[in-house]
Each structure stands twice: as structure tokens, then as C-alpha cells.
Amino acid sequence: MAPAAASGGSTLPSGFSVFTTFPDLLFIFEFVFGGLVWILVASSLVPWPLVQGWVMFVSVFCFVATTTLIVLYIIGAHGGETSWVTLDAAYHCTAALFYLSASVLEALATITMQEGFTFRHYHENIAAVVFSYVATLLYVVHAVFSLIRWKSS
């Protein structure tokens, strides 16, 4: 396995140093909050099915892609190649943009909930919106630091 990168390095970490370097440490929180968004949106009712479909797509796509990337980083599949730094930056920028759009749409759908929905549904949607915005913030921070790493590589 390749040696672990330092926090400020321009290479990707491998092995369990993924859990100790920043911004790669954010993978854990993206995984957790993305999973919570997925669960909450899947269990809630949204007035517009198209919105729920987009939010589900974004949460499942990002959950699976984040899981895949973290596993590939742990096993050292990147081999220290700079193309993986580019992939990391591109993925996190795309994920941040996707999550921002999903968060805004989920918030809009929650605000416009009217008759036919219980308080339980409303509260589930509020929780989904909050966790979605937390996931968005995590992806934006990770994207910014991934772009800095990409620029210095």
C-alpha cells in the first residue's frame, strides 16, 4: 500500500489513514447524513412525487458513490495517481451541486404541504430537509478542499 498522505498533501490517502486526514475524514459524515436523508425521504410523503424521486436519486447515488470511493481509497486502488485527485474533486463538486438542488426542492415541498398530511409526515420532511442541508454543507466543504488538493497536485 502507498504511504498515507499528510493533511495538507496533494495526494490521496490510502489504508485507514483515510479516517485521519482532512477532508477525507468527511466521508464518514457524508455517509451517515446521506443515509439519514435516504431513510427519511423513503419513509415520508411528499406532495410532489417528482421531487421525492429526485431527492431519492441524489441520496442513493451519493451514498453508493461515497461508499465506493471510501472503499477504493482504503484498499489503495488509486495508487497515488493524480487522475484520482481530479476524480475526487469532480465527484464532490457534482455531489454538492446535486445535494443543493435536492435540499432546496425538499424544503419547497415541505413548505407547501397542506391538507392530507399528518404532523408526523411534516416532521419527517423537516428532518429530511435539515439532514439534507447538513449533507450539502459537508459535500461543499469536501469539494472546496478537494479542489485545493487538485490545484496543488
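Which residues do ring pairs link into a cluster? I found that Trp-54, Phe-57, Phe-61 and Phe-98 are linked in this way. I counted rings of Phe, Tyr and Trp (its six-membered ring) as a pair if their centres lie within 6.5 Å, with planes under 30 degrees apart called stacked, over 60 edge-to-face and the rest tilted.

**Entry 1: basis**

I worked from a predicted model, in which local features need pLDDT of at least 70 and side-chain atom pairs count only at pLDDT 80 or more, while totals for chains, interfaces and linings use all residues. I number residues from 1 along each chain as its sequence is written, and side-chain values use heavy atoms, with hydrogens and water left out.

**Entry 2: aromatic pairs**

I noted 13 aromatic pairs in the structure. I looked up Trp-38 and Phe-63, whose ring centres are 5.2 Å apart and whose planes stand at 65°, so this pair is edge-to-face. Trp-38 lies in helix H1 (residues 26-43) and Phe-63 in helix H2 (residues 49-74), so the pair ties together parts 25 residues apart in sequence. I took helices as DSSP runs (H or I, at least four residues) numbered from the N terminus.

I then checked accessibility, where buried means under 20% relative accessible area, exposed over 50% and partly exposed in between (1.4 Å probe, protein chains only). Trp-38 counts as partly exposed at 29%, whereas Phe-63 is buried at 19%.

I next examined Tyr-91 and Tyr-139, with ring centres 6.3 Å apart and planes at 85°, so this pair is also edge-to-face. Tyr-91 belongs to helix H3 and Tyr-139 to helix H4, so the pair ties together parts 48 residues apart in sequence. I recorded both Tyr-91 and Tyr-139 as buried.

**Entry 3: helix packing**

I looked up how H3 (residues 82-111) packs with H4 (residues 119-152), and found an angle of about 155° with the axes 8 Å apart. This makes H3 roughly antiparallel to H4. The axes are lines fitted to C-alpha atoms, for helices over the stretch in contact, and angles run from 0 to 180 degrees between N-to-C directions. Angles under 35 degrees count as roughly parallel, over 145 as roughly antiparallel, 65 to 115 as roughly perpendicular and the rest as oblique.

I noted that H3 passes H4 in a left-handed crossing, that is, the near helix is turned anticlockwise from the far one by less than a right angle (clockwise would be right-handed). The contact of H3 with H4 comprises 22 nonpolar, nine polar and three charged residues. Here Ala, Val, Leu, Ile, Met, Phe, Trp, Tyr, Cys and Pro count as nonpolar, Asp, Glu, Lys and Arg as charged, and the others, Gly among them, as polar.

I found H2 and H3 packed at an angle of about 155°, with axes 9 Å apart. H2 and H3 are therefore roughly antiparallel to each other, and H2 passes H3 in a left-handed crossing. Their contact has 20 nonpolar, three polar and two charged residues.

**Entry 4: salt bridge**

How many salt bridges does the structure hold? I found one, under the criterion of a side-chain nitrogen of Lys or Arg within 4 Å of a carboxyl oxygen of Asp or Glu. Asp-88 and Arg-149 form a salt bridge at 3.1 Å, N to O. Asp-88 lies in H3 and Arg-149 in H4, so the pair ties together parts 61 residues apart in sequence. I noted that Asp-88 and Arg-149 are both buried.

**Entry 5: cis peptide bond**

I recorded a cis peptide bond between Phe-22 and Pro-23, with omega about 15°. Pro-23 sits in the segment before H1.

Definitions and conventions. Helices (H or I, at least four residues) and strands (E, at least two) are DSSP runs, numbered from the N terminus.
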